[in-house]
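The sequence and structure come first.

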Amino acid sequence: MKKFAPMFVLSAGTLWGVMGVFVRKLGTYGFSPLQIACLRILFGAVLFLLITAIFRRDLLKIQPRDVGLFLGMGLLSLLLFTVCYFTTISLASLSVAAILLYTSPIWVMLMSAVCFREKITRRKLLCAAMAFGGCVLVSGIGSAASLSPMVIVTGLLSAVGYGLYSIFGTFALRKYQPLTVTTYAFLFGAAGALLLCNPAQIARVICESGQPGRLVLLITVTAFVTAVLPYLLYTVGLSRMRASAAAIMASIEPVVATTAGALVFGEALTVPAFAGIALVLGAIVVLNAKT
């Protein structure tokens, strides 16, 4: 399993990368970015609970003293990242939000050094710098005018929340299976999302869509493809590799997002974008190269 761990993480990043396609489609129905973010968590929690209850009900057992750990994963990681990231998108451009989000490998590296005594090696620093630089190029340059203090705060908080999943997850995976970890992270995250997303308004949008069944199916598919499957894959990969390495490899997400934008929406791929893609892929190759 250990040699396949990078492939699991890369697969997760790839699925996260196509999220924009689903988000744009849901946006046409009148959902706000924050509502779409919360819907992913809510429907993801339901799907995780159903999958675990049907196939591995025994994995629903956790010790009471570990509730705080899963609460941290759900609220301080999953929900914090989702809310702050989509808030940043609403306040600034998508490129600015992506650039700030992908400072996360740096935060994970620092937190891993404190929590797990992982060494900050030259290779990790080089790969983190390459991945971040690649994300900057892929996301586009020249949006500095949008960097208000609020944008910087929400953007960096999204990166910290994103990174905390790897930290909390590493602790949780010492005692529990990946399916248990992801299920409870989403359940606690969903509890917090219910307080933020105005469920009555969401229900009204669904009922007034003219195709409520089709819309619910689209939300379900969105949750499965962009939340359930990638988080499970990432958690499985995280159980077999260091948190800092997993965070760097997940930087494949903006590369996939840019490619999907070009293929699905006809968005132009610029020379800096190609250079950024090369940098991110290079970071992944360097990170996994044998010494």
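This is a predicted model: local features need pLDDT of at least 70, side-chain atom pairs count only at pLDDT 80 or more; totals for chains, interfaces and linings use all residues.

1. Residues are numbered from 1 along each chain as its sequence is written, and side-chain values use heavy atoms, with hydrogens and water left out.

2. A salt bridge is taken as a side-chain nitrogen of Lys or Arg within 4 Å of a carboxyl oxygen of Asp or Glu. The count under this rule is three.

3. Aspartate 66 and lysine 175 form a salt bridge with an N to O distance of 2.7 Å. This pair links distant parts of the chain, 109 residues apart: aspartate 66 lies in the loop between helix H3 (33-55) and helix H4 (67-91), and lysine 175 in the loop between helix H8 (149-172) and helix H9 (178-194). Helices here are DSSP runs of H or I with at least four residues, numbered from the N terminus.

4. Aspartate 66 is buried at 8% relative accessible area, whereas lysine 175 is partly exposed at 43%. Buried means under 20% relative accessible area, exposed over 50%, and partly exposed in between (1.4 Å probe, protein chains only).

5. Glutamate 118 pairs with lysine 124, the closest N and O atoms lying 3.2 Å apart. Glutamate 118 is buried at 8% relative accessibility, and lysine 124 is buried at 12%.

6. Arginine 56 and aspartate 58 form a salt bridge with closest N and O atoms 2.9 Å apart. Aspartate 58 is partly exposed at 43%, and arginine 56 is partly exposed at 39%.

Notes:
Helices (H or I, at least four residues) and strands (E, at least two) are DSSP runs, numbered from the N terminus.
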